[in-house]
Amino acid sequence: MNSNAPAAVIVLAAGAGTRMKSKLPKVLHEIGGRSLLMHAITAARGTAPAQLVAVVRHERAQVIGHLSEHAPEVIVADQDEVPGTGRAVQCGLEQVGAEGGTVLVTYGDVPLLDAGTLRSLVAEHESSGSAVTVLTARLADATGYGRIVRSEDGSEVLGIVEHKDATEEQRAIDEVNSGIYAFDLAVLRSALGRITTDNAQGEMYLTDVLAIAREDGGAVRAVVTDDAILVEGANDRVQLAQLGAEMNRRTLERHMRAGVSIVDPATTWIDSEVTIGQDTTILPGVQLLGATDIGADVRIGPDSTLQHTVVADGAEVTRTHALHAEIGEKATVGPFTYLRPGTVLGRKGKIGGFVETKNARIGESSKVPHLSYVGDAEIGEHTNIGAATIFANYDGVTKHRTRVGRHVRVGSDSVLVAPVTIGDGAATGAGAVIREDVPPGSLAVNAVEQRNVEGWTERRRAGTKAAAAAAEAQAALAAGETTSQESKEREN
C-alpha cells in the first residue's frame, strides 16, 4: 500500500448550486464527458484512499443514482439540517472507520483538480507532521476569496480571513484559500466536536478547525499550487463553460504532445476518457466524446462527431456521426454518414455517403457505398450493396434481421424485406424487392415489363407546363423524323 495513501477522501457534494439555475444538481453538470462530481471522484481515486466518501443532500436521489452507476465504491453520507462545510465534513467523517491517518477534504465542483496535486498535498502534509495542511493559490485579483495569513517567517498559517472581514492590508494578500485540506484524522474529529453554529451565518465553518488545531498546539501549513485554475469551482454556467474550455485545451495539448496531429484546436473537442494512437490526424470540426478509442494512423474529419466509438488503425472517417459503433482497420466511412448503435464495420470495409446503419455487422472488404439504409443486418465478406438499397427491417410491430452472405452483389435500388437471407455468391437485379430467401449463387429479379402509355400527359395534365413541354418535344421529334425522311429521299 502506498505510504502516502490517505485514510479517506471526503468529497463535499451537498450544495444546491442555485446559480446554475437548473433542475439538475450542480455537481451533475458535465464538462469533458464527465460530471463535475465524477471529475472530483476520479481525482480522489488517484490517491488510492482506504475509503472514499461523498456527502450529499440537494437532489439526493439523483446524485446517489449517478454515483451508483459510475462509482459504486463510493460511500454516501447524508448532510442533515445543520448548515456549513464543517457539518458536511462531520457527516462524512461518521462513515470513516479508520482511527488515524490523513483525511483529504475536497469538493464536487472543482473539475480541474487532479490526483497528482492531491497526492502532493498528502505527501507534504505527512512529511511536515502538520495537523492541517491547506491547498492555496496565488491570484492577481483575489477579490472575494479568503486570504491566507501566514506567520512572520511564512512557515505556518495563522488563519484564513474572508474578504468581507479583511483589513486593507490583508486584502493586499494574493494567496487565497482553495477550501481543499489534508487533516490529521484525530485532530479533525476532535476539532469538529468543538465547532458551533454561534456565528452570524448560523453555520459550522470548516475553517474553524484550523484555529482549534493551532490552539491545541498543532501546526497548520499551506501548499501553494502554481496552477490556480486547478482549484477553481464552477458556480454558474459561465464558469462551467470557461472551465470546460480550459479542460479541453489541456486535453488537446496532452494528445498533441503524445503524437496526435490536431489541425485546428479551436474547433476540436475531445472528452477526458478518449484515447488516440500516434500519428492520427484530427481535422477541423471534430468532437470525440465519451469512451471513444481511436487507433494509430487514423484520419478523422472534418466535421465529425464520434461518441463511445472504436476506430481501428489506419481507418478514415469523414463528415460522420457515430454512436456506439466500431470501425475496422483501414476501413473508410463517409461523407455525410450516420452510424447508429450496434454498427460494426469490418477491416477494409466501406460505408459511404448518405448511408445510415443500425445494429449492423458488415464484413471485411464489404461496401455500402451510397444512399442506403442498413438496419438489423449481417453482411458477409467482400459483398457490395448497390446504391439506394433499403434493408426494410420493421414490419410495424417487430424488428427483423436480414442476412447477406459473402461475395454477394445487391443491385441498386433494391429493397430487402426482413426476415430474409441472401446466400453466398448470389445477386439481385436493380430495383428488386426481395421478400424470399435467395439461394447461394442465384440471381433474384422481379421487375415487370415496362409499358409506356402514350399521350398520358396531354390528356391528364392538359394546360400544364409539362403538357406544353411534351407537345414541343413531340413536335421536334416529328420534325426531325420528317427531315430525316427527306434526307433519305434525296440520297436515293
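**The second largest pocket, and a few other spots**

Author: Let's go for the second largest pocket, with a volume of about 410 Å³. This is a predicted model, where local features need pLDDT of at least 70 and side-chain atom pairs count only at pLDDT 80 or more, while totals for chains, interfaces and linings use all residues. Residues are numbered from 1 along each chain as its sequence is written, and side-chain values use heavy atoms, with hydrogens and water left out.

A pocket here is an open set of points on a 1 Å grid over the protein atoms alone, where a 1.4 Å probe fits and protein lies on both sides within 12 Å along at least five of seven lines; lining residues have an atom within 4 Å of a point. Volume is the space filled by probe spheres set on the points, which are joined across faces, edges and corners.

Who lines it? There are 15 residues, and Pro111, Leu112, Asp114, Met247 and Ser272 lie nearest the centre. Helix 1 (36–45) and helix 8 (237–257) each put in at least two residues (helices are DSSP runs of H or I, at least four residues, and strands are E runs of at least two, numbered from the N terminus). Helix 8 is the top contributor, with four. By type, the lining splits into seven nonpolar, four polar and four charged residues (nonpolar is Ala, Val, Leu, Ile, Met, Phe, Trp, Tyr, Cys and Pro; charged is Asp, Glu, Lys and Arg; the others, Gly among them, are polar).

Now over to histidine 29, in the loop between strand 1 (8–13) and strand 2 (30–31). With a relative accessible area of 8%, histidine 29 is buried (under 20%, with a 1.4 Å probe and protein chains only). Leaving aside residues up to four places away in sequence, histidine 29 touches Arg237 and Leu240, among others (heavy atoms within 4.5 Å).

Helix 7 (residues 208–215) buries Val209, Leu210, Ile212 and Ala213. Seen down the helix 7 axis, these fall within an arc of 165 degrees, so they line one face (the arc is taken over directions from the axis to the C-beta atoms). Their cover includes strand 7 (132–138) and helix 6 (185–192). After helix 7 comes glycine 217, with a positive phi near 95 degrees.

Last stop: threonine 389, in the loop between strand 31 (384–385) and strand 32 (390–392). Threonine 389 counts as buried because its relative accessibility is 0%. A polar atom of its side chain lies 2.8 Å from the backbone oxygen of glycine 386.

How values were computed: Buried means under 20% relative accessible area, exposed over 50%, partly exposed in between (1.4 Å probe, protein chains only). A polar contact is a pair of N or O atoms within 3.5 Å; within protein, one must be able to donate a hydrogen and the other to accept it, and residues adjacent in sequence count only if both atoms are side-chain atoms.
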